[in-house]
Amino acid sequence: MDNDILKVLYSESDIQDACQRLGKEIKSHYGDKVPVVIGVLKGAIFFMTDVIRDTDMYMELDFMDVSSYHGTTQSSGVVELVTDISTDISGRDVLIMEDIVDTGRTLKFLIDTLKGRGAASIKVCTLLDKPSGRVVEASSDFIGFEVPNEFVVGYGLDYEEKYRNLPYIGVLKPEIYANN
Ligand code: 5GP
Ligand code: MG
Ligand code: MG
């Protein structure tokens, strides 16, 4: 897999430093509150577990799967709910954990959906923010890194479902796309 990578943007230790910082920011934001932390599958799994593991605070966990990319590098613009949470979030403080915010469509869909169910508050923690890709307004409260407008893989992020298990975040060599 390493052979397919053109350049590494964030190393394992860059990512761990960001996760520690975000964990502290989240703990100090919530104080004694017990948020429902919702991981957005599948991209946010490594990030979510690394951020929350050491936070020493009470929280509940749940997961949601939404789809918007259908296996390509271009957004289709349509967001579908694939798997829903099982937690009743009415009156609860919700923290969404995302891998990356690009056009903002996925995040807007998630926020609108969870708001509609009566969450008391909704905050967003994203590993990566790509502000140059934004099409609809959607902002995050806790951000790992701001990334340039490049398609990145690794640490949860896929290209055609692969590369999620790379321990770092990088950019693929152009021939990987060309071979498809
Ligand atoms: P948005 O709805 O904000 O356009 O995109 C959100 C989803 O698109 C992300 O959760 C992620 O799954 C996918 N995505 C957006 N940019 C990238 C990228 O650079 N690399 C990968 N692997 N996925 C991306
Ligand atoms: Mg995502
Ligand atoms: Mg994807």
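Biologist: How many helices and strands does the protein chain have?

Modeller: This is a predicted model. In it, the secondary structure of the protein chain amounts to four helices and nine strands.

Biologist: In what order do the elements run from the N terminus?

Modeller: The order is β-α-β-α-β-β-β-α-β-β-β-β-α. The radius of gyration is 16 Å, close to the 16 Å from the globule rule for 180 residues, so the protein chain is as compact as a globular protein of that length. Its C-alpha trace spans about 50 × 35 × 25 Å along the principal axes.

Biologist: What are the confidence scores?

Modeller: The mean pLDDT of the protein chain is 94, and 95% of the residues reach 70 or more. For the model, ipTM is 0.96 and pTM is 0.94.

Biologist: Now the sheet. Which strands form it, and in what order?

Modeller: Six strands make up an open sheet, ordered E4-E3-E2-E5-E6-E7, with mixed pairing. At the edges are strand E4 (80–83) and strand E7 (142–146), each of which pairs on one side only. From one strand to the next, the twist averages 30°.

Biologist: How many bridges join E2 to E5, and do the two run parallel or antiparallel?

Modeller: Strand E2 (residues 36–41) and E5 run parallel and are joined by four bridges. Within this pair, Gly 39 is opposite Met 97 of E5.

Biologist: Which strands does helix H1 touch?

Modeller: Helix H1 (residues 12–30) packs on the sheet and touches E5, strand E6 (121–129) and E7. The direction of H1 makes about 155° with that of E7.

Biologist: Let us move to ligand 1. Which residues come nearest?

Modeller: There are 20 residues around ligand 1, and the nearest are Asp 102, Thr 103, Arg 105, Thr 106 and Leu 157.

Biologist: What is the make-up of the shell by class?

Modeller: Around ligand 1 there are nine nonpolar, six polar and five charged residues.

How values were computed: Residues are numbered from 1 along each chain as its sequence is written. Chains are lettered from A and ligands numbered from 1 in the order in which they are written. This is a predicted model: local features need pLDDT of at least 70, side-chain atom pairs count only at pLDDT 80 or more; totals for chains, interfaces and linings use all residues. A residue is near a molecule or strand if its C-beta atom, placed from the backbone, lies within 6 Å of it. Ala, Val, Leu, Ile, Met, Phe, Trp, Tyr, Cys and Pro count as nonpolar, Asp, Glu, Lys and Arg as charged, and the others, Gly among them, as polar. Two strands pair if DSSP finds at least two bridges between them. Axes are lines fitted to C-alpha atoms, for helices over the stretch in contact, and angles run from 0 to 180 degrees between N-to-C directions. Two residues are in contact if their C-beta atoms, placed from the backbone, lie within 7 Å. pLDDT is the predictor's confidence in each residue, from 0 to 100. The radius of gyration is taken over C-alpha atoms; the globule rule is 2.2 Å times the number of residues to the power 0.38.
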